[in-house]
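Thanks for coming. Please have the sequence and the model open.

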Amino acid sequence: MIDNRAAEVNKMPDRIMQGKNIIITGAGRGIGRVMLELFAESGANIWACIRKPDEQFSRDAAEISEKNQIWIKPVCFDLSDEDDIRQGIQSIIKEKKRIDVLINNAGISHGGLATMTPISTVKDVFQVNCFAPVQIMQMILRVMMRQKGGCIVNMASVGGIEATPGYLAYGSSKAALIYATKTISHEVGQYGIRVNAIAPGLTETDMGNVKPEEEIQKILDRSSLHRKADPSEIAKCALFLASDAASFITGQVLIADGGRICV
C-alpha cells in the first residue's frame with residue numbers, strides 16, 4: 001500500500017525560511033504580493049508593509065498566515081513621508097523581535113524626457129525609490145548590527161544599469177539604490193550582515209506594463225527569452241538571496257531580465 005503522506009510532503013514548499021522574521025515593503029500588490037505568499041509558504045513570519053489600511057489585504061494576510069502557520073502583521077506607512085516611515089519602522093522595532101530580513105521592494109515608475117521632467121518629480125521618485133529604502137535600511141541596520149546578523153534585499157531595476165532615453169528620474173533613482181546597496185554591504189559585512197539587490201527586467205505587473213506597447217516589444221525582441229518575467233520568478237530571486245543558500249553573497253546585483261542586457 002502506498003503511503004500518501006509521503007506524496008503530500010513532497011508537494012509542500014521547502015520551508016527554507018522557517019522561523020525567520022522578515023519585512024517586505026510594497027507587499028500589497030505586484031511582486032511584493034507574490035513575495036508575501038512565497039515567503040509565507042517558506043515558513044517566514046512577515047511584517048507586510050503597505051501604504052494605507054486595506055481591509056481586503058488584512059483578510060488575505062490572515063488567510064495566508066493561517067494556511068502556512070506563520071504570522072503576518074500589516075504595517076502601514078507612506079514612503080513619500082519621512083516621518084510616516086519612521087513611525088512605521090519604529091512600530092516594528094518596538095516589538096523587540098529579531099529582524100532577519102528586510103526586503104525593500106516598494107517603488108514607483110516614471111517616464112519622461114529630461115527636459116520635460118520637473119525637478120519636483122525627480123525628487124518624488126528619488127524619495128520613494130532611493131531615500132525611503134535608505135532610511136529604512138539605516139533604522140533596521142541598527143537592529144541587525146546588535147544582532148550580529150541579517151540580510152537586506154533591495155529591488156533595483158535594469159533601468160538603473162542600462163541608460164534609456166525618457167527615464168531620467170526612474171533610472172537614476174535605481175542606479176543610486178544600486179550604489180547604496182554596494183556601499184552599505186561593505187560597511188556592515190563585519191557584523192555578518194549581507195546586502196544585495198535584484199535588477200528585474202520587464203515583469204508582468206501593473207508597473208511593468210506602463211511602457212508603450214511598441215517599446216515593450218522592442219525590448220522583448222532583443223532579449224534572449226523574448227518574454228516578460230512572471231512576478232514569481234523575481235520573488236524566487238529574493239527568496240534565494242534572503243536564504244542561507246546565498247550565505248556568501250553580498251554587495252551583488254542579481255540581474256533577472258531574461259537576457260536583456262549584458263554587463
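A crossing is called right-handed if the near helix is turned clockwise from the far one by less than a right angle, and left-handed if anticlockwise. Keep that in mind for the first item. One caveat before that: this is a predicted model.

The helix pair, then. Two packed helices are described by the angle between their axes and the distance between the axes. Here the pair is H5, residues 119–147, and H6, residues 168–188; their axes come within 8 Å and cross at roughly 15°. Angles under 35 degrees count as roughly parallel, so H5 is roughly parallel to H6. As for the hand, the crossing of H5 past H6 is right-handed.

Which residues make the contact? On the H5 side they are Val122, Val125, Phe126, Asn129, Cys130, Pro133, Val134, Met137 and Leu141. H6 contributes Leu168, Ala169, Tyr170, Ser172, Ser173, Lys174, Ala176, Leu177, Ala180, Ile184 and Val188. By type, the contact between H5 and H6 has 16 nonpolar residues, three polar and one charged.

Is Cys76 buried or partly exposed? Its relative accessible area is 32%, so Cys76 is partly exposed.

Next, Ser42. This residue sits in the loop that runs between helix H2, 30–41, and strand E2, 45–50. Ser42 counts as buried because its relative accessibility is 2%, and the cut-off for buried is under 20%. Setting aside residues up to four places away in sequence, Ser42 touches Asp14, Arg15, Ile16, Met17, Gln18 and Leu239.

Last, Leu254, in strand E7, residues 253–256. With a relative accessible area of 29%, Leu254 is partly exposed. Beyond its neighbours within four places in sequence, Leu254 is in contact with Ala197, Ile198, Ala199, Cys237 and Leu241. Between Leu254 and Ser157 there are 9.7 Å in space, C-alpha to C-alpha, with the two residues 97 apart in sequence.

That is the list. Questions are welcome.

Note on methods:
Residues are numbered from 1 along each chain as its sequence is written. This is a predicted model: local features need pLDDT of at least 70, side-chain atom pairs count only at pLDDT 80 or more; totals for chains, interfaces and linings use all residues. Side-chain values use heavy atoms; hydrogens and water are left out. Axes are lines fitted to C-alpha atoms, for helices over the stretch in contact, and angles run from 0 to 180 degrees between N-to-C directions. Helices (H or I, at least four residues) and strands (E, at least two) are DSSP runs, numbered from the N terminus. Angles under 35 degrees count as roughly parallel, over 145 as roughly antiparallel, 65 to 115 as roughly perpendicular and the rest as oblique. Contact means heavy atoms within 4.5 Å. Ala, Val, Leu, Ile, Met, Phe, Trp, Tyr, Cys and Pro count as nonpolar, Asp, Glu, Lys and Arg as charged, and the others, Gly among them, as polar. Buried means under 20% relative accessible area, exposed over 50%, partly exposed in between (1.4 Å probe, protein chains only).
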